[in-house]
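This report describes one protein chain for a reader who is new to structures. Please look at the model before reading on.

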Amino acid sequence: MAELGLNEHHQNEVINYMRFARSKRGLRLKTVDSCFQDLQESRLVEETFTADEVSEVLNGLQAVVHSEVESELINTAYTNVLLLRQLFSQAEKWYLKLQTDISELENRELLEQVAEFEKAEFTSSNKKPIIDIIKPKLAPLNEGGTAELLNKEILRLQEENEKLKSRLKTIEIQATEALNEKSKLEKALQDLQLDQGNQKDFIKAQDLSDLENTVATLKSEFEKTLNDKTENQKSLEEKLVTAKHDLLRVQEQLSLAEKELEKKFQQTAAYRNMKEILTRKNDQIKDLRKRLAKYESED
């Protein structure tokens with residue numbers, strides 16, 4: 001059997017609508033047939049007709065058939081609007097926004113699938129009409145089929161409530177056990193503190209003596225370390241002064257070496273030649289500046 005991809009309830013609703021549409025379509029076809037029958041019985045009684053008479057008869061038949069088909073198409077469109085209104089009203093009560101794809105209404109593949117579905121549902125000789133099996137009733141718009149959903153939600157909340165109760169009971173048991181364990185630990189701590197208080201009376205004197213000896217030892221070690229640190233500091237200061245003197249002596253030797261090197265360089269032939277060249281260049285520059293100043297004053 002062909003299927004539309006819907007659950008059983010919705011598929012039954014589709015079948016009911018298709019049955020309604022088939023009955024309306026059958027009535028309208030009977031009306032069209034009656035138009036032709038009336039024409040035959042009322043007008044086609046003579047043996048011969050002129051062209052004008054045939055044209056008049058066909059025009060009258062066309063007007064009647066056109067009116068019947070137009071009326072059926074309008075009624076079908078309005079019926080579909082009422083069907084959509086019912087669906088949208090039920091959806092809005094659950095704050096749902098349904099969407100339609102108008103382009104799918106002309107999908108040939110889907111239309112053929114619906115045709116196969118209708119053929120399988122209404123032309124099978126072995127299938128008993130659904131109207132005899134179940135008589136579905138549309139849920140009132142005021143309820144919108146919400147009672148079933150509310151019952152499901154109530155059952156879900158009840159199950160969740162039972163789970164929470166069980167979890168709360170488990171937590172209470174764990175909390176009680178924790179409190180008992182805490183009480184045991186506090187009692188054990190008090191007993192331990194009491195035992196320690198009794199032992200302190202016996203070992204207090206010995207501990208005090210040991211503590212005094214330890215403090216004296218630490219004090220002696222600290223003084224020794226302090227003396228060693230003072231000696232090391234004096235040694236470092238002396239080394240630092242010696243290093244400063246060595247640095248000054250090296251800087252003085254370096255300065256003398258630079259002066260001696262500069263003096264020797266000035267005595268070389270290359271230095272004298274370079275100095276003469278620089279002197280000539282300076283003279284040439286001075287001469288050029290005088291000429292340039294003369295030309296500027298003439299302008």
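## Phenylalanine 117

Phenylalanine 117 lies in helix H3; helices (H or I, at least four residues) and strands (E, at least two) are DSSP runs, numbered from the N terminus. Phenylalanine 117 is buried, at a relative accessible area of 0%. Buried means under 20% relative accessible area, exposed over 50%, and partly exposed in between (1.4 Å probe, protein chains only). The C-alpha atoms of phenylalanine 117 and leucine 4 are 7.5 Å apart, although 113 residues separate the two along the chain.

## About the model

This is a predicted model, in which local features need pLDDT of at least 70 and side-chain atom pairs count only at pLDDT 80 or more, while totals for chains, interfaces and linings use all residues. Residues are numbered from 1 along each chain as its sequence is written, and side-chain values use heavy atoms, with hydrogens and water left out.

The pLDDT is the predictor's confidence in each residue, from 0 to 100. Its mean over the protein chain is 78, and 85% of the residues reach 70 or more. Over residues 125-144 pLDDT stays under 50, and the model has 29 contacts beyond four places in sequence for them. Contact means heavy atoms within 4.5 Å.

## The chain as a whole

The protein chain has six helices and zero strands. Read from the N terminus, its elements run α-α-α-α-α-α.

Of the 299 residues in the protein chain, 7% are buried. The accessible surface comes to about 26,500 Å², and carbon and sulfur atoms hold 56% of that surface. Accessible areas come from the Shrake-Rupley method with a 1.4 Å probe; for residues, only the protein chains shown count as cover. Among contacts with a separation of 6 or more, 75% join residues 24 or more positions apart.

## Helices H1 and H3

How do H1 and H3 lie relative to each other? Helix H1 (residues 8-42) packs against helix H3 (residues 108-122) at an angle of about 85°, and their axes are 11 Å apart. Axes are lines fitted to C-alpha atoms, for helices over the stretch in contact, and angles run from 0 to 180 degrees between N-to-C directions. H1 and H3 are therefore roughly perpendicular to each other. Angles under 35 degrees count as roughly parallel, over 145 as roughly antiparallel, 65 to 115 as roughly perpendicular and the rest as oblique.

On the H1 side the contact includes Gln11, Val14 and Ile15, and on the H3 side it includes Phe117 and Phe122.

Glutamate 72 is found in helix H2 (residues 51-92). Glutamate 72 is buried, with a relative accessible area of 13%. Apart from neighbours within four places in sequence, glutamate 72 is in contact with Lys24, Arg25 and Arg28.

Tyrosine 95 sits in the loop between H2 and H3. Tyrosine 95 counts as exposed, at 78% relative accessibility. Although tyrosine 95 is not a glycine, it has a positive phi of about 60°.
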